[in-house]
Amino acid sequence: MATLDDLLSQIPVAQIAERLDVDQQTAETAVRAALPTLVGGLDANAQDPAGAASLLSAVNNHSSRLVDGGVNVAEVDTADGDKIVSNVFGVNKDQVISTLGGVNGGGGNDLVAKLLPILAPIVLSYIAKQLTGGGQGATTSTASTPTQGGLGDLLGGLLGSATGGSGGAGGALGDVLGSVLGGNAGGGLGGLLGGLLGGGKR
């Protein structure tokens with residue numbers, strides 16, 4: 001079963017820390033804040049038919065190869081990641097970065113701005129792998145092509161695993177997601193994502 005814990009386990013925090021020239025604790029704190037927020041933004045887009053279609057198209061263009069056998073950050077296309085982040089959050093991108101940058105110990109806005117484009121392709125490759133049963137890619141055959149229903153179920157399950165607080169890392173992720181969606185991580189992101197989840201990306 002896909003959970004946010006499982007997704008987190010795919011993220012090479014040590015490599016990210018080295019890539020962004022920060023200590024591992026700072027990188028981990030930033031990842032734990034940004035990852036559920038990114039999933040929440042994807043889920044918000046999936047609530048709208050046009051957004052879901054766009055997201056499915058993006059998933060179709062991402063092979064599971066990036067997460068097969070362990071992610072190598074050097075292979076992550078951050079230019080692609082930046083496009084994904086811009087599409088997910090739209091005009092609210094800077095606000096999301098600013099709010100996540102205010103998470104204590106998270107490294108600030110500049111770090112978050114560099115982190116999100118690294119995480120986004122990893123998340124889409126993970127989703128592609130889950131929706132295609134671990135196949136080589138989301139476009140290998142008609143049978144393995146993700147559907148909107150499957151995408152919504154997967155994203156909902158990921159968010160549910162976070163808010164459910166499964167203990168350990170899952171509990172910590174749940175706390176972060178709860179505070180972000182609740183508007184306690186700087187005040188802005190809770191309302192922002194609440195609006196997204198209520199009616200899709202504007």
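Colleague: If angles under 35 degrees count as roughly parallel, over 145 as roughly antiparallel, 65 to 115 as roughly perpendicular and the rest as oblique, which is it for helix 3 and helix 5?

Modeller: Oblique, since they pack at about 55°. Their axes, lines fitted to C-alpha atoms over the stretch in contact, are 9 Å apart, and angles run from 0 to 180 degrees between N-to-C directions. Helices here are DSSP runs (H or I, at least four residues), numbered from the N terminus. Keep in mind that this is a predicted model, where local features need pLDDT of at least 70, side-chain atom pairs count only at 80 or more, and totals for chains, interfaces and linings use all residues. Residues are numbered from 1 along each chain as its sequence is written, and side-chain values use heavy atoms, without hydrogens and water.

Colleague: New topic: at what angle do helix 2 and helix 3 pack?

Modeller: About 110°, with axes 8 Å apart, so helix 2 (residues 13-20) is roughly perpendicular to helix 3.

Colleague: And who makes that contact?

Modeller: Val13, Ala14, Ile16 and Ala17 from helix 2, facing Gln24, Ala27, Glu28 and Val31 from helix 3.

Colleague: How do the residues of that contact divide by class?

Modeller: Six are nonpolar, one is polar and one is charged.

Notes
Helices (H or I, at least four residues) and strands (E, at least two) are DSSP runs, numbered from the N terminus. Contact means heavy atoms within 4.5 Å. Ala, Val, Leu, Ile, Met, Phe, Trp, Tyr, Cys and Pro count as nonpolar, Asp, Glu, Lys and Arg as charged, and the others, Gly among them, as polar.
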